[in-house]
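Subject: Structure handover

Hi,

Here is the structure I promised to pass on.

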Amino acid sequence: MMQWMSVKKMVLVVLVAALSVPQMAFAHCDALDGPVLKEAQQALAKKDVSSILKWVPAEEEAAITSAFKQTVAVRGLGEEARDLADRSFFETLVRIHRAGEGAAYTGIKPSGQISGPVAKADQALVDGDVDAFSKAVADHVAKEMKSRFERALAKQKQAHTSVAAGREYVAAYVAYVHFVEGIVGIVRGDHAH
């Protein structure tokens, strides 16, 4: 019974980790310090919508342009009006941007929520060089895959000794194979935003 509980805990940990990855990615375009809203802040300061239209589908340009013009007009009414207008515009922009990606709008995230790897991916674009970052990602993936493989292999050797040992192997096998499937899905582009 105790070993079955540890297998259930391990499966739960794997599921929680898998489910947390998309949330970190979502925070990127939803975050106040993400590329969409940083560029929106600059556009509002310049009173020029053109730089942010790339973040929305062409059929939504009119809606964004209209919301932008209203925001610029309201911003002149004082600090509270500016903050409210900016927040409303940011929500509209992100909601339309996310819909264009086929993703749900879940609100604006505070600054400082962007995961390290996503921030490094953005920095590689700023630097114009992805080699060091891609090597670090590849090394990390290889390390994680090898760890799961070695655990599954070790558990496989003992799987026949008892039902509990067999279940431990199955849990390790599932963790290994699901990791590989996730990587393959990402490489093939079979993943959500």
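**Overall**

Keep in mind that this is a predicted model. The chain has seven helices and zero strands. Along the sequence the pattern reads α-α-α-α-α-α-α. Of the 193 residues in the chain, 26% are buried. Take the contacts with a separation of 6 or more: 60% of them join residues 24 or more positions apart.

**Nonpolar core**

The largest nonpolar core holds 19 residues. Which of them touch the most other members? They are L37, I52, I64, F89 and L93. Helices α2, α3 and α4 each supply at least two residues of this core.

**Aromatic pairs**

The count comes to three aromatic pairs. Two of them are described here.

Start with F68 and F89. Their ring centres are 5.6 Å apart. The planes meet at 70°, and over 60 degrees counts as edge-to-face, so this pair is edge-to-face. F68 sits in helix α3 (residues 61-75) and F89 in helix α4 (residues 79-100). The pair therefore ties together parts that are 21 residues apart in sequence. Both F68 and F89 are buried.

Next, Y169 and Y173. This pair is tilted, with 5.9 Å centre to centre and 40° between the planes. Both tyrosines lie in helix α7 (residues 163-188). They are four residues apart, about one turn of the helix. Y173 has 39% relative accessibility, so Y173 counts as partly exposed.

H97 lies in helix α4. Is H97 buried or exposed? Its relative accessible area is 7%, and the cut-off for buried is under 20%, so H97 is buried. Leaving aside neighbours within four places in sequence, H97 is in contact with C29, V36, W55 and V56.

V74 lies in helix α3. At 33% relative accessibility, V74 falls between the 20% and 50% cut-offs, so V74 counts as partly exposed. Not counting residues up to four places away in sequence, V74 touches A81, R82 and A85. D86 is twelve residues from V74 along the chain. The C-alpha atoms of V74 and D86 are separated by 9.0 Å.

**Second largest pocket**

About 250 Å³ of space lies in the second largest pocket. Which elements give two or more residues to its lining? They are α2 (35-46) and α5 (116-127). Helix α5 gives the most, with five residues.

The lining has 13 residues. Those nearest the pocket centre are D33, G34, P35, K38 and D122. By type, the lining divides into six nonpolar, three polar and four charged residues.

That is the set of findings for now.

Best wishes

Methods. Residues are numbered from 1 along each chain as its sequence is written. This is a predicted model: local features need pLDDT of at least 70, side-chain atom pairs count only at pLDDT 80 or more; totals for chains, interfaces and linings use all residues. Side-chain values use heavy atoms; hydrogens and water are left out. On a 1 Å grid over the protein atoms alone, a cavity is a set of points where a 1.4 Å probe fits but cannot get out, and a pocket is an open set with protein on both sides within 12 Å along at least five of seven lines; lining residues have an atom within 4 Å of a point. Grid points are joined across faces, edges and corners, and a volume is the space filled by probe spheres set on the points. Ala, Val, Leu, Ile, Met, Phe, Trp, Tyr, Cys and Pro count as nonpolar, Asp, Glu, Lys and Arg as charged, and the others, Gly among them, as polar. Rings of Phe, Tyr and Trp (its six-membered ring) pair if their centres lie within 6.5 Å; planes under 30 degrees apart count as stacked, over 60 as edge-to-face and the rest as tilted. Buried means under 20% relative accessible area, exposed over 50%, partly exposed in between (1.4 Å probe, protein chains only). A nonpolar core is a set of buried Ala, Val, Leu, Ile, Met, Phe, Trp, Tyr and Cys residues joined through side-chain atoms within 4.5 Å. Contact means heavy atoms within 4.5 Å.
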